Amino acid sequence: MSTENKLLVHEKIIVKITGLGSSGEGVGKVDGFTVFAHGALPGETVEVELERVKKSYASGHVTAIVEASPDRVEPLCPVYEECGGCQLQHLSYAGQLKAKEQQVRDAMLRIGHLEAVKVMPIIGEEDPWYYRNKMQFPVATEAGTLEIGCYAAATHRVVGVEACRIQKQRNNDIIAAVRRWMEQYEVPAYDEKTGKGVVRHIMGRVGVNTGEVMAVIITAGYDLPHNKELIKMLRDAVPGLKSVVQNINKKQTNIVMGNKTRLLYGKATIKDRLGTLKFNISPQSFFQVNSAQAEKLYNKAVEFAALSGSETVVDCYCGTGTISLYLAKHAQKVYGIELIAPAIEDARGNAEANRCANAEFILGDAAVKMQELTEQGVRPDVVLLDPPRAGCEEKVLAAIAQVKPSRIVYVSCNPASLARDLAYLEQNGYQAVTAQPVDMFPMTHHVECVALMSRVQK
Ligand code: SAH
(Lines give C-alpha, C1' and ligand atoms only; values in the text may rest on other atoms or scores of the structure.)
Protein backbone atom coordinates (compact mmCIF):
# COMPACT_ATOMS: atom_id res chain seq x y z
CA MET A 1 0.00 0.00 0.00
CA SER A 2 1.44 3.39 -0.85
CA THR A 3 0.67 5.83 1.90
CA GLU A 4 1.23 9.52 1.57
CA ASN A 5 3.08 10.52 4.72
CA LYS A 6 1.54 13.67 6.11
CA LEU A 7 2.86 13.39 9.68
CA LEU A 8 5.08 16.08 11.17
CA VAL A 9 7.80 16.12 13.81
CA HIS A 10 6.43 17.34 17.21
CA GLU A 11 2.93 16.50 16.09
CA LYS A 12 0.86 14.60 18.66
CA ILE A 13 -1.12 11.71 17.27
CA ILE A 14 -3.36 8.99 18.68
CA VAL A 15 -2.22 5.43 17.90
CA LYS A 16 -3.69 2.01 18.61
CA ILE A 17 -0.76 -0.27 19.53
CA THR A 18 -0.87 -3.77 18.09
CA GLY A 19 2.57 -5.22 18.83
CA LEU A 20 5.92 -4.85 20.54
CA GLY A 21 8.95 -3.83 18.45
CA SER A 22 12.46 -5.24 18.72
CA SER A 23 13.55 -2.49 21.17
CA GLY A 24 10.55 -2.99 23.46
CA GLU A 25 8.59 -0.08 21.96
CA GLY A 26 4.91 -0.26 21.01
CA VAL A 27 4.10 -0.54 17.30
CA GLY A 28 0.90 0.56 15.60
CA LYS A 29 -0.40 2.02 12.38
CA VAL A 30 -1.98 5.33 11.51
CA ASP A 31 -3.66 5.26 8.08
CA GLY A 32 -1.44 2.33 7.13
CA PHE A 33 1.74 4.17 8.22
CA THR A 34 3.89 2.45 10.88
CA VAL A 35 4.42 4.33 14.16
CA PHE A 36 6.86 3.25 16.89
CA ALA A 37 5.74 4.52 20.29
CA HIS A 38 8.31 4.32 23.10
CA GLY A 39 6.61 3.51 26.39
CA ALA A 40 3.45 2.01 24.83
CA LEU A 41 2.21 -1.57 25.18
CA PRO A 42 0.28 -3.88 22.86
CA GLY A 43 -3.47 -3.37 23.17
CA GLU A 44 -3.13 0.25 24.31
CA THR A 45 -4.35 3.43 22.70
CA VAL A 46 -1.82 6.20 23.30
CA GLU A 47 -0.99 9.75 22.40
CA VAL A 48 2.50 10.00 20.89
CA GLU A 49 4.61 13.06 20.24
CA LEU A 50 6.55 12.34 17.06
CA GLU A 51 10.29 12.86 17.20
CA ARG A 52 11.21 11.34 13.86
CA VAL A 53 9.25 11.09 10.63
CA LYS A 54 10.79 9.00 7.87
CA LYS A 55 9.60 7.70 4.50
CA SER A 56 8.29 4.43 5.85
CA TYR A 57 7.78 5.04 9.56
CA ALA A 58 7.55 7.59 12.36
CA SER A 59 8.60 7.31 16.01
CA GLY A 60 8.20 9.14 19.28
CA HIS A 61 7.43 8.90 22.98
CA VAL A 62 4.08 8.40 24.68
CA THR A 63 2.72 11.64 26.12
CA ALA A 64 -0.60 10.24 27.37
CA ILE A 65 -2.26 6.87 27.70
CA VAL A 66 -5.82 6.98 26.37
CA GLU A 67 -6.56 3.33 27.11
CA ALA A 68 -4.11 1.30 29.21
CA SER A 69 -3.31 -2.37 28.77
CA PRO A 70 -4.49 -4.62 31.63
CA ASP A 71 -0.88 -5.90 31.59
CA ARG A 72 0.57 -2.47 32.43
CA VAL A 73 2.24 -2.49 35.86
CA GLU A 74 4.22 -0.12 38.06
CA PRO A 75 7.97 -0.58 37.39
CA LEU A 76 9.86 -1.93 40.41
CA CYS A 77 13.04 0.05 39.85
CA PRO A 78 13.07 3.73 40.89
CA VAL A 79 15.37 4.70 37.98
CA TYR A 80 13.60 2.58 35.34
CA GLU A 81 12.45 5.56 33.24
CA GLU A 82 15.96 7.03 33.00
CA CYS A 83 18.09 3.91 32.82
CA GLY A 84 18.72 2.21 29.49
CA GLY A 85 19.22 -1.26 31.00
CA CYS A 86 15.60 -2.50 31.11
CA GLN A 87 12.83 -1.78 28.61
CA LEU A 88 9.86 -3.82 29.83
CA GLN A 89 9.40 -3.27 33.56
CA HIS A 90 6.09 -1.49 32.84
CA LEU A 91 4.72 -4.74 31.37
CA SER A 92 3.68 -7.60 33.69
CA TYR A 93 5.93 -10.65 33.41
CA ALA A 94 3.08 -12.69 31.91
CA GLY A 95 2.63 -9.88 29.39
CA GLN A 96 6.36 -9.89 28.55
CA LEU A 97 6.28 -13.61 27.87
CA LYS A 98 3.20 -13.28 25.67
CA ALA A 99 4.76 -10.41 23.69
CA LYS A 100 8.09 -12.19 23.17
CA GLU A 101 6.42 -15.38 22.01
CA GLN A 102 4.38 -13.27 19.59
CA GLN A 103 7.57 -11.64 18.24
CA VAL A 104 8.89 -15.08 17.36
CA ARG A 105 5.60 -16.06 15.68
CA ASP A 106 5.51 -12.77 13.74
CA ALA A 107 9.13 -13.11 12.57
CA MET A 108 8.52 -16.68 11.38
CA LEU A 109 5.48 -15.64 9.35
CA ARG A 110 6.31 -12.13 8.16
CA ILE A 111 10.08 -12.37 7.63
CA GLY A 112 10.60 -16.07 6.98
CA HIS A 113 7.19 -16.90 5.47
CA LEU A 114 7.54 -20.14 7.42
CA GLU A 115 4.00 -21.34 7.83
CA ALA A 116 4.68 -24.89 8.96
CA VAL A 117 7.06 -24.21 11.85
CA LYS A 118 5.50 -24.91 15.23
CA VAL A 119 6.24 -22.11 17.70
CA MET A 120 6.12 -23.58 21.21
CA PRO A 121 4.93 -21.69 24.30
CA ILE A 122 7.86 -19.62 25.62
CA ILE A 123 9.85 -21.03 28.55
CA GLY A 124 9.79 -18.29 31.19
CA GLU A 125 11.62 -17.69 34.46
CA GLU A 126 10.24 -18.77 37.79
CA ASP A 127 11.49 -15.53 39.34
CA PRO A 128 12.12 -12.86 36.70
CA TRP A 129 14.16 -10.59 39.03
CA TYR A 130 17.79 -10.59 40.25
CA TYR A 131 18.95 -13.08 37.61
CA ARG A 132 22.08 -11.59 35.97
CA ASN A 133 25.32 -13.28 37.00
CA LYS A 134 27.40 -10.62 35.23
CA MET A 135 27.32 -6.91 36.01
CA GLN A 136 29.34 -4.39 34.05
CA PHE A 137 28.60 -0.84 35.12
CA PRO A 138 30.25 2.40 34.01
CA VAL A 139 31.46 4.82 36.69
CA ALA A 140 31.28 8.60 36.25
CA THR A 141 30.91 11.86 38.09
CA GLU A 142 27.69 13.46 36.88
CA ALA A 143 27.05 17.05 38.05
CA GLY A 144 29.44 16.55 40.96
CA THR A 145 27.95 13.24 42.13
CA LEU A 146 29.58 9.83 41.84
CA GLU A 147 27.34 7.55 39.77
CA ILE A 148 27.75 3.81 39.22
CA GLY A 149 25.05 2.26 37.09
CA CYS A 150 23.83 2.03 33.51
CA TYR A 151 23.94 4.43 30.61
CA ALA A 152 20.70 6.24 29.87
CA ALA A 153 19.28 4.88 26.60
CA ALA A 154 21.37 5.93 23.58
CA THR A 155 23.73 8.18 25.60
CA HIS A 156 26.86 7.95 27.74
CA ARG A 157 25.24 9.60 30.73
CA VAL A 158 25.56 7.27 33.70
CA VAL A 159 22.37 6.73 35.70
CA GLY A 160 23.34 5.69 39.22
CA VAL A 161 21.79 2.44 40.43
CA GLU A 162 21.65 1.59 44.12
CA ALA A 163 20.40 -1.95 43.77
CA CYS A 164 19.76 -3.23 40.27
CA ARG A 165 16.59 -5.35 40.14
CA ILE A 166 17.95 -7.73 37.52
CA GLN A 167 21.41 -8.26 39.05
CA LYS A 168 22.33 -11.00 41.49
CA GLN A 169 22.53 -9.61 45.02
CA ARG A 170 26.31 -10.17 45.16
CA ASN A 171 26.79 -7.85 42.19
CA ASN A 172 24.78 -5.20 44.01
CA ASP A 173 26.98 -5.76 47.08
CA ILE A 174 30.04 -5.03 44.89
CA ILE A 175 28.52 -1.76 43.62
CA ALA A 176 27.78 -0.59 47.16
CA ALA A 177 31.27 -1.45 48.44
CA VAL A 178 33.07 0.24 45.52
CA ARG A 179 30.89 3.32 45.92
CA ARG A 180 31.72 3.57 49.63
CA TRP A 181 35.44 3.07 48.91
CA MET A 182 35.53 5.73 46.16
CA GLU A 183 33.70 8.21 48.38
CA GLN A 184 35.73 7.52 51.52
CA TYR A 185 39.14 7.67 49.82
CA GLU A 186 38.16 10.20 47.17
CA VAL A 187 39.18 7.96 44.32
CA PRO A 188 38.14 9.82 41.16
CA ALA A 189 35.92 8.37 38.46
CA TYR A 190 37.33 8.38 34.93
CA ASP A 191 36.12 11.21 32.72
CA GLU A 192 35.52 10.10 29.12
CA LYS A 193 35.93 13.62 27.78
CA THR A 194 39.22 14.58 29.43
CA GLY A 195 40.68 11.07 29.76
CA LYS A 196 41.47 11.85 33.43
CA GLY A 197 40.48 9.95 36.58
CA VAL A 198 40.95 6.38 37.81
CA VAL A 199 37.91 4.07 37.81
CA ARG A 200 36.20 3.47 34.45
CA HIS A 201 33.95 0.47 35.04
CA ILE A 202 33.26 -2.13 37.65
CA MET A 203 32.37 -5.67 36.86
CA GLY A 204 30.93 -8.40 39.02
CA ARG A 205 30.62 -12.08 38.16
CA VAL A 206 28.75 -14.61 40.25
CA GLY A 207 29.02 -18.37 39.99
CA VAL A 208 25.33 -18.95 40.60
CA ASN A 209 25.71 -22.66 41.30
CA THR A 210 28.91 -22.40 43.39
CA GLY A 211 28.42 -19.09 45.22
CA GLU A 212 31.87 -17.86 44.08
CA VAL A 213 32.14 -14.15 43.30
CA MET A 214 34.64 -12.06 41.30
CA ALA A 215 35.00 -8.27 41.34
CA VAL A 216 36.87 -6.48 38.56
CA ILE A 217 37.91 -2.83 38.75
CA ILE A 218 38.63 -1.41 35.32
CA THR A 219 41.01 1.53 35.58
CA ALA A 220 42.46 4.05 33.17
CA GLY A 221 46.06 3.48 34.34
CA TYR A 222 48.20 1.11 36.40
CA ASP A 223 47.93 3.14 39.57
CA LEU A 224 45.13 2.07 41.89
CA PRO A 225 45.34 4.12 45.09
CA HIS A 226 44.03 2.57 48.34
CA ASN A 227 43.68 -0.86 46.77
CA LYS A 228 44.32 -2.61 50.11
CA GLU A 229 41.34 -0.75 51.56
CA LEU A 230 39.27 -1.66 48.51
CA ILE A 231 40.01 -5.35 49.01
CA LYS A 232 39.12 -5.14 52.67
CA MET A 233 35.85 -3.33 51.99
CA LEU A 234 34.90 -5.82 49.27
CA ARG A 235 35.73 -8.80 51.48
CA ASP A 236 33.63 -7.39 54.31
CA ALA A 237 30.66 -6.61 52.06
CA VAL A 238 30.54 -9.48 49.56
CA PRO A 239 29.96 -13.04 50.82
CA GLY A 240 31.62 -15.63 48.58
CA LEU A 241 34.21 -13.18 47.21
CA LYS A 242 37.01 -15.31 45.75
CA SER A 243 38.71 -12.96 43.33
CA VAL A 244 39.47 -9.25 42.94
CA VAL A 245 41.08 -8.24 39.67
CA GLN A 246 42.26 -4.92 38.25
CA ASN A 247 41.97 -4.53 34.50
CA ILE A 248 43.77 -1.66 32.84
CA ASN A 249 42.26 0.10 29.84
CA LYS A 250 44.31 3.12 28.76
CA LYS A 251 42.51 3.61 25.47
CA GLN A 252 39.88 6.25 24.82
CA THR A 253 37.37 3.73 23.51
CA ASN A 254 33.93 2.28 24.13
CA ILE A 255 35.45 -1.17 24.61
CA VAL A 256 35.18 -1.84 28.32
CA MET A 257 38.23 -3.95 29.09
CA GLY A 258 41.89 -3.54 28.22
CA ASN A 259 44.46 -6.26 27.65
CA LYS A 260 46.28 -6.06 30.99
CA THR A 261 44.93 -7.64 34.16
CA ARG A 262 46.46 -7.74 37.62
CA LEU A 263 45.27 -10.03 40.36
CA LEU A 264 44.67 -8.06 43.56
CA TYR A 265 43.18 -10.75 45.78
CA GLY A 266 42.37 -14.47 45.68
CA LYS A 267 42.23 -16.49 42.47
CA ALA A 268 42.36 -15.36 38.84
CA THR A 269 39.16 -17.24 37.96
CA ILE A 270 35.97 -18.35 39.66
CA LYS A 271 34.11 -21.59 39.10
CA ASP A 272 30.54 -22.22 38.10
CA ARG A 273 28.51 -25.21 37.00
CA LEU A 274 25.85 -25.64 34.37
CA GLY A 275 24.08 -28.99 34.59
CA THR A 276 26.84 -31.49 35.30
CA LEU A 277 29.52 -29.38 33.60
CA LYS A 278 31.96 -27.10 35.39
CA PHE A 279 33.45 -23.91 34.02
CA ASN A 280 36.29 -21.57 34.95
CA ILE A 281 35.30 -17.96 34.44
CA SER A 282 37.89 -15.21 33.97
CA PRO A 283 37.08 -11.48 33.66
CA GLN A 284 36.98 -11.79 29.86
CA SER A 285 35.29 -15.18 29.45
CA PHE A 286 31.96 -15.36 27.73
CA PHE A 287 29.39 -17.07 29.92
CA GLN A 288 25.61 -16.91 29.59
CA VAL A 289 24.38 -14.19 31.97
CA ASN A 290 21.29 -16.10 33.11
CA SER A 291 22.48 -19.46 34.39
CA ALA A 292 19.08 -20.98 35.20
CA GLN A 293 17.59 -20.17 31.80
CA ALA A 294 20.82 -21.13 29.97
CA GLU A 295 20.43 -24.65 31.32
CA LYS A 296 16.87 -24.81 29.99
CA LEU A 297 17.99 -23.47 26.60
CA TYR A 298 20.89 -25.90 26.30
CA ASN A 299 18.72 -28.83 27.36
CA LYS A 300 16.30 -27.91 24.56
CA ALA A 301 19.20 -27.76 22.09
CA VAL A 302 20.29 -31.24 23.23
CA GLU A 303 16.71 -32.52 22.91
CA PHE A 304 16.41 -31.09 19.38
CA ALA A 305 19.76 -32.62 18.40
CA ALA A 306 18.27 -36.06 19.31
CA LEU A 307 21.67 -37.72 19.64
CA SER A 308 22.10 -41.45 20.23
CA GLY A 309 25.85 -41.47 20.90
CA SER A 310 27.13 -42.34 17.44
CA GLU A 311 26.84 -38.94 15.76
CA THR A 312 29.30 -36.34 14.57
CA VAL A 313 28.25 -32.81 15.51
CA VAL A 314 29.62 -29.43 14.43
CA ASP A 315 28.95 -26.47 16.75
CA CYS A 316 29.54 -23.34 14.66
CA TYR A 317 30.01 -20.08 16.65
CA CYS A 318 30.83 -22.17 19.71
CA GLY A 319 32.19 -19.36 21.94
CA THR A 320 33.75 -20.98 25.01
CA GLY A 321 32.25 -24.31 24.08
CA THR A 322 29.38 -24.57 26.55
CA ILE A 323 26.89 -26.00 24.07
CA SER A 324 29.59 -28.18 22.46
CA LEU A 325 30.30 -29.79 25.82
CA TYR A 326 26.60 -30.29 26.52
CA LEU A 327 26.33 -32.09 23.17
CA ALA A 328 29.60 -34.02 23.55
CA LYS A 329 28.14 -36.18 26.30
CA HIS A 330 25.57 -37.53 23.86
CA ALA A 331 27.63 -37.71 20.64
CA GLN A 332 30.64 -39.56 19.31
CA LYS A 333 32.52 -36.44 18.26
CA VAL A 334 31.88 -32.70 18.48
CA TYR A 335 33.80 -30.03 16.58
CA GLY A 336 33.42 -26.44 17.82
CA ILE A 337 34.31 -23.55 15.48
CA GLU A 338 34.92 -20.04 16.81
CA LEU A 339 36.54 -16.85 15.51
CA ILE A 340 38.03 -15.48 18.74
CA ALA A 341 41.28 -17.06 19.97
CA PRO A 342 40.83 -16.57 23.77
CA ALA A 343 37.35 -18.13 23.55
CA ILE A 344 38.85 -21.20 21.84
CA GLU A 345 41.49 -21.42 24.59
CA ASP A 346 38.71 -21.27 27.22
CA ALA A 347 36.76 -23.92 25.31
CA ARG A 348 39.79 -26.26 25.27
CA GLY A 349 40.35 -25.65 29.00
CA ASN A 350 36.67 -26.35 29.70
CA ALA A 351 36.82 -29.58 27.67
CA GLU A 352 39.82 -30.72 29.67
CA ALA A 353 38.27 -29.77 33.03
CA ASN A 354 35.20 -31.81 32.12
CA ARG A 355 37.18 -34.71 30.61
CA CYS A 356 35.46 -34.32 27.27
CA ALA A 357 38.05 -36.01 25.03
CA ASN A 358 35.61 -36.14 22.12
CA ALA A 359 35.29 -32.35 21.77
CA GLU A 360 37.73 -30.63 19.42
CA PHE A 361 37.91 -26.85 19.03
CA ILE A 362 38.92 -25.10 15.83
CA LEU A 363 39.90 -21.44 15.59
CA GLY A 364 38.63 -19.64 12.51
CA ASP A 365 35.75 -18.38 10.43
CA ALA A 366 32.80 -20.79 10.43
CA ALA A 367 32.39 -20.43 6.65
CA VAL A 368 36.00 -21.43 5.94
CA LYS A 369 36.41 -24.06 8.65
CA MET A 370 33.10 -25.76 7.86
CA GLN A 371 34.35 -26.21 4.29
CA GLU A 372 37.74 -27.51 5.47
CA LEU A 373 36.12 -30.09 7.73
CA THR A 374 34.11 -31.34 4.77
CA GLU A 375 37.24 -31.59 2.64
CA GLN A 376 38.81 -33.66 5.40
CA GLY A 377 35.90 -36.07 5.09
CA VAL A 378 33.97 -35.01 8.21
CA ARG A 379 30.24 -35.60 7.64
CA PRO A 380 28.25 -34.03 10.48
CA ASP A 381 24.92 -35.60 11.35
CA VAL A 382 23.88 -32.52 13.31
CA VAL A 383 25.03 -28.90 13.00
CA LEU A 384 24.44 -26.47 15.81
CA LEU A 385 24.42 -22.72 15.12
CA ASP A 386 24.56 -19.92 17.69
CA PRO A 387 25.61 -16.81 15.77
CA PRO A 388 25.72 -13.17 16.92
CA ARG A 389 22.62 -10.95 16.44
CA ALA A 390 23.20 -10.45 12.72
CA GLY A 391 22.68 -14.17 12.14
CA CYS A 392 24.70 -16.46 9.86
CA GLU A 393 26.55 -15.35 6.81
CA GLU A 394 25.04 -16.97 3.73
CA LYS A 395 28.29 -18.77 2.93
CA VAL A 396 28.09 -20.56 6.31
CA LEU A 397 24.53 -21.68 5.54
CA ALA A 398 25.54 -22.69 2.01
CA ALA A 399 28.45 -24.76 3.34
CA ILE A 400 26.12 -26.51 5.78
CA ALA A 401 23.49 -27.22 3.13
CA GLN A 402 26.24 -28.83 1.04
CA VAL A 403 27.31 -31.29 3.74
CA LYS A 404 23.67 -32.23 4.33
CA PRO A 405 23.43 -32.89 8.08
CA SER A 406 20.13 -34.54 8.93
CA ARG A 407 19.32 -31.92 11.59
CA ILE A 408 20.24 -28.30 12.19
CA VAL A 409 19.69 -26.80 15.65
CA TYR A 410 19.78 -23.01 15.58
CA VAL A 411 20.12 -20.96 18.78
CA SER A 412 19.37 -17.31 18.15
CA CYS A 413 19.12 -14.02 20.05
CA ASN A 414 17.36 -12.27 17.17
CA PRO A 415 14.06 -13.64 15.77
CA ALA A 416 14.43 -11.55 12.59
CA SER A 417 17.81 -12.95 11.49
CA LEU A 418 16.70 -16.41 12.66
CA ALA A 419 13.62 -16.29 10.42
CA ARG A 420 15.68 -15.05 7.46
CA ASP A 421 18.25 -17.85 7.89
CA LEU A 422 15.62 -20.57 8.37
CA ALA A 423 13.96 -19.35 5.16
CA TYR A 424 17.28 -19.69 3.31
CA LEU A 425 17.70 -23.23 4.61
CA GLU A 426 14.12 -24.06 3.57
CA GLN A 427 15.17 -23.14 0.03
CA ASN A 428 18.14 -25.46 0.37
CA GLY A 429 16.82 -28.82 1.46
CA TYR A 430 15.53 -28.25 4.99
CA GLN A 431 12.24 -27.81 6.76
CA ALA A 432 11.82 -25.72 9.90
CA VAL A 433 10.04 -27.98 12.39
CA THR A 434 9.92 -26.30 15.80
CA ALA A 435 10.89 -22.97 17.32
CA GLN A 436 11.20 -22.78 21.11
CA PRO A 437 11.44 -19.28 22.60
CA VAL A 438 13.24 -19.13 25.98
CA ASP A 439 13.19 -15.96 28.08
CA MET A 440 16.84 -15.42 28.97
CA PHE A 441 16.55 -11.69 29.73
CA PRO A 442 13.38 -10.78 31.68
CA MET A 443 12.56 -7.04 31.87
CA THR A 444 14.56 -6.38 28.70
CA HIS A 445 13.52 -6.54 25.04
CA HIS A 446 15.86 -9.42 24.21
CA VAL A 447 14.26 -12.54 22.74
CA GLU A 448 16.11 -15.87 22.62
CA CYS A 449 14.94 -18.86 20.65
CA VAL A 450 16.12 -22.33 19.63
CA ALA A 451 14.84 -23.82 16.38
CA LEU A 452 15.02 -27.28 14.87
CA MET A 453 15.35 -27.94 11.14
CA SER A 454 15.21 -31.37 9.52
CA ARG A 455 16.57 -32.39 6.17
CA VAL A 456 13.82 -33.05 3.66
CA GLN A 457 14.46 -36.53 2.26
CA LYS A 458 14.88 -36.56 -1.49
N1 SAH B 1 27.48 -20.80 21.75
C2 SAH B 1 28.14 -19.95 22.70
C3 SAH B 1 28.01 -18.46 22.43
C4 SAH B 1 28.00 -18.01 21.03
S5 SAH B 1 28.01 -16.26 20.86
C6 SAH B 1 27.60 -20.22 24.09
O7 SAH B 1 26.46 -20.61 24.25
O8 SAH B 1 28.34 -20.01 25.04
C9 SAH B 1 28.48 -16.14 19.16
C10 SAH B 1 29.93 -16.45 18.90
O11 SAH B 1 30.16 -16.43 17.49
C12 SAH B 1 30.91 -15.42 19.47
O13 SAH B 1 31.76 -16.09 20.37
C14 SAH B 1 31.66 -14.88 18.24
O15 SAH B 1 33.02 -14.64 18.51
C16 SAH B 1 31.49 -16.01 17.25
N17 SAH B 1 31.61 -15.68 15.82
C18 SAH B 1 31.17 -14.57 15.18
N19 SAH B 1 31.37 -14.67 13.86
C20 SAH B 1 31.95 -15.87 13.62
C21 SAH B 1 32.38 -16.55 12.45
N22 SAH B 1 32.26 -16.01 11.25
N23 SAH B 1 32.90 -17.78 12.60
C24 SAH B 1 33.01 -18.36 13.82
N25 SAH B 1 32.61 -17.76 14.97
C26 SAH B 1 32.09 -16.52 14.89
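**View 1. Lys369 and Glu372 in helix 7 of the predicted model.** Helix 7 (residues 366-375) holds both Lys369 and Glu372, which are 3 residues apart, about one turn of the helix. The model shown here and in the other views is predicted. A salt bridge joins the side chains of Lys369 and Glu372, with an N to O distance of 3.3 Å. Glu372 counts as partly exposed because its relative accessibility is 31%.

**View 2. Glu303 and Lys300 in helix 4.** The side chains of Glu303 and Lys300 form a salt bridge with an N to O distance of 3.1 Å. The two residues are 3 residues apart in helix 4, so about one helical turn separates them. Lys300 has a relative accessible area of 17% and is therefore buried.

**View 3. The salt bridge between Glu82 and Arg157.** In the whole structure, the search finds 14 salt bridges. One of the pairs shown in these views is Glu82 with Arg157, whose closest N and O atoms are 3.5 Å apart.

**View 4. Gln87 and its surroundings.** Gln87 sits in the loop that runs between strand 5 (57-67) and helix 1 (93-111). Its relative accessible area is 17%, so Gln87 is buried. A polar atom of the Gln87 side chain lies 3.2 Å from the backbone oxygen of Gly84. With neighbours within four places in sequence left aside, the contacts of Gln87 are Ser23, Tyr80, Met443, Thr444 and His445. Tyr326 is 239 residues from Gln87 along the chain, and the C-alpha atoms of the two are separated by 32 Å.

**View 5. Ile202 in strand 10.** Strand 10 (residues 199-206) contains Ile202. Ile202 counts as buried because its relative accessibility is 0%. When its neighbours within four places in sequence are left aside, Ile202 is in contact with Met135, Gln136, Phe137, Val139, Ile148, Ile175, Val178, Val216 and Ile217. Ile218, 16 residues from Ile202 in sequence, has its C-alpha 5.9 Å from the C-alpha of Ile202.

**View 6. The interface of domain 2 and domain 3.** The protein chain is divided into domain 1 (3-67), domain 2 (97-126 + 290-455) and domain 3 (134-278). Between the C-alpha centres of domain 2 and domain 3 the distance is 32 Å. At the interface, 14 residues of domain 2 contact 9 residues of domain 3. The two domains bury about 870 Å² between them, with 61% of that area on carbon and sulfur atoms. Of the area that domain 2 buries against domain 3, 45% comes from Ser291, Glu295 and Asn354, more than from any other three residues.

**View 7. Polar pairs and helices at the interface of domain 2 and domain 3.** Across this interface there are 0 salt bridges by the rule applied, while 4 residue pairs are in polar contact. On the side of domain 2 that touches domain 3, helix 4 (291-305), helix 5 (322-328) and helix 6 (341-353) each supply at least two residues. Helix 4 gives the most to this side, with 4 residues. The residues on this side of domain 2 comprise 7 nonpolar, 5 polar and 2 charged.

Technical notes: Residues are numbered from 1 along each chain as its sequence is written. This is a predicted model: local features need pLDDT of at least 70, side-chain atom pairs count only at pLDDT 80 or more; totals for chains, interfaces and linings use all residues. Side-chain values use heavy atoms; hydrogens and water are left out. Buried means under 20% relative accessible area, exposed over 50%, partly exposed in between (1.4 Å probe, protein chains only). Contact means heavy atoms within 4.5 Å. Domain bounds come from an automatic or database domain assignment. Buried area is the accessible area (1.4 Å probe) that two parts lose on being put together, summed over both. A salt bridge is a side-chain nitrogen of Lys or Arg within 4 Å of a carboxyl oxygen of Asp or Glu. A polar contact is a pair of N or O atoms within 3.5 Å; within protein, one must be able to donate a hydrogen and the other to accept it, and residues adjacent in sequence count only if both atoms are side-chain atoms. Ala, Val, Leu, Ile, Met, Phe, Trp, Tyr, Cys and Pro count as nonpolar, Asp, Glu, Lys and Arg as charged, and the others, Gly among them, as polar.
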